[in-house]
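The following exercises concern side-chain contacts in a single protein chain.

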Amino acid sequence: MSFESGPAPRAKAWLAVAKCVGTSALMLARRQVHLPAENVGRMLRFADGSAARVYRETAVGRPPAAEPCVLVVTFTLRLVRGRAHRLFEAESLLNTPLFVGFPGFVSKLWCAHDTFGAYRGLYEWDGAEQARRYAAALWRVLELVSVPGSISFKILPGLHRDEALADPARMRLAAHPEHAWWRLLPAA
């Protein structure tokens with residue numbers, strides 16, 4: 001089973017983001033947010049023929065996910081071309097409070113724009129419904145800066161992110177179709 005994309009109602013989404021920012025501020029003050037380096041620079045290949053480089057990882061100090069799921073988000077930024085992509089990568093660190101405080105967040109790999117110009121986030125979440133609520137709220141933030149129609153997310157319950165990285169075939173077992181933008185392929 002997998003969950004498909006869709007935005008939350010605007011008022012509900014912005015309230016959830018506001019609560020998240022408050023929680024994130026406390027987590028940052030308590031130094032519960034970390035930037036591991038082991039996946040930075042890793043190239044990820046996707047079933048739609050694109051590839052993207054991981055430019056940052058964010059994780060929180062918490063017990064392992066009891067109900068793990070992988071969340072993959074994609075979007076294409078409006079008006080960002082050429083060197084502006086590097087500026088976005090640097091600036092995006094400031095977006096951390098918009099997600100780490102959501103219930104169930106475990107970790108995120110930030111993927112640079114791919115061969116088609118889309119950005120992806122590859123997350124691990126504790127609880128598929130919590131991941132869906134986050135992604136539906138995030139949609140409202142992303143729609144402010146993204147090309148219309150470019151935002152999408154996919155949730156794959158029962159799968160740890162590192163399991164998907166180690167054995168991308170596990171994503172294929174979780175859902176279809178063959179050329180899905182969200183499905184990882186083995187490293188070349």
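**Exercise 1.** In this predicted model, determine which residue forms a salt bridge with R62, and where the two partners lie in the chain.

*Solution.* 
Step 1. The partner of R62 is D126, with the closest N and O atoms 2.7 Å apart. A salt bridge requires a separation within 4 Å, and the pair R62 and D126 is counted as one.
Step 2. R62 belongs to the loop between β3 and β4, whereas D126 is in strand β6; 64 residues separate them, and the pair links distant parts of the chain.
Step 3. Burial is judged from relative accessible area, with under 20% taken as buried. R62 has 32% relative accessibility and therefore counts as partly exposed. D126, at 12%, counts as buried.

**Exercise 2.** Identify the residues that are linked with E143 in a network of salt bridges, and state how many salt bridges the model has.

*Solution.* 
Step 1. The side chains of E143 and R10 meet in a salt bridge, at 3.4 Å from N to O.
Step 2. E143 is in the loop between α3 (128-142) and β7 (152-157) and R10 is in helix α1, so this pair ties together parts 133 residues apart in sequence.
Step 3. E143 is partly exposed, with a relative accessible area of 24%.
Step 4. The network consists of R10, R140 and E143. The count for the model comes to 10 salt bridges.

**Exercise 3.** Classify the geometry of the ring pairs that F99 forms with W110 and with Y123.

*Solution.* 
Step 1. Two quantities are needed, since a pair of aromatic rings is described by the distance of the centres and the angle of the planes.
Step 2. The count comes to 12 aromatic pairs. In the pair of F99 and W110 the centres are 5.4 Å apart and the planes are at 65°, so the pair is edge-to-face. F99 is in the loop between α2 (84-91) and β5 (105-111) and W110 is in strand β5, 11 residues apart.
Step 3. F99 and W110 are both buried.
Step 4. F99 and Y123 are also edge-to-face, with 6.3 Å centre to centre and 90° between the planes. Here F99, in the loop between α2 and β5, is linked to Y123 in strand β6 (residues 119-126), 24 residues away. Y123 is buried, as is F99.
Step 5. Ring pairs join F99, W110 and Y123 into a cluster with Y55, F102, F105, W125 and Y134.

**Exercise 4.** Determine which charged side chains are placed over the ring of W110.

*Solution.* 
Step 1. The charged end of R56 sits over the ring of W110, 4.9 Å from its centre.
Step 2. K108 lies over the face of W110, at 3.6 Å from the ring centre.

Conventions:
Residues numbered from 1 in each chain as written. Predicted model: local features only at pLDDT ≥ 70, side-chain atom pairs only at ≥ 80, totals over all residues. Heavy atoms only, no water. Phe/Tyr/Trp six-rings, centres within 6.5 Å; stacked < 30°, edge-to-face > 60°. Helix = DSSP H or I, 4+ residues; strand = E, 2+ residues; numbered from the N terminus. Buried < 20%, exposed > 50% of the residue type's maximum accessible area, 1.4 Å probe, protein only. Lys NZ or Arg CZ within 6 Å of the ring centre and 35° of its normal.
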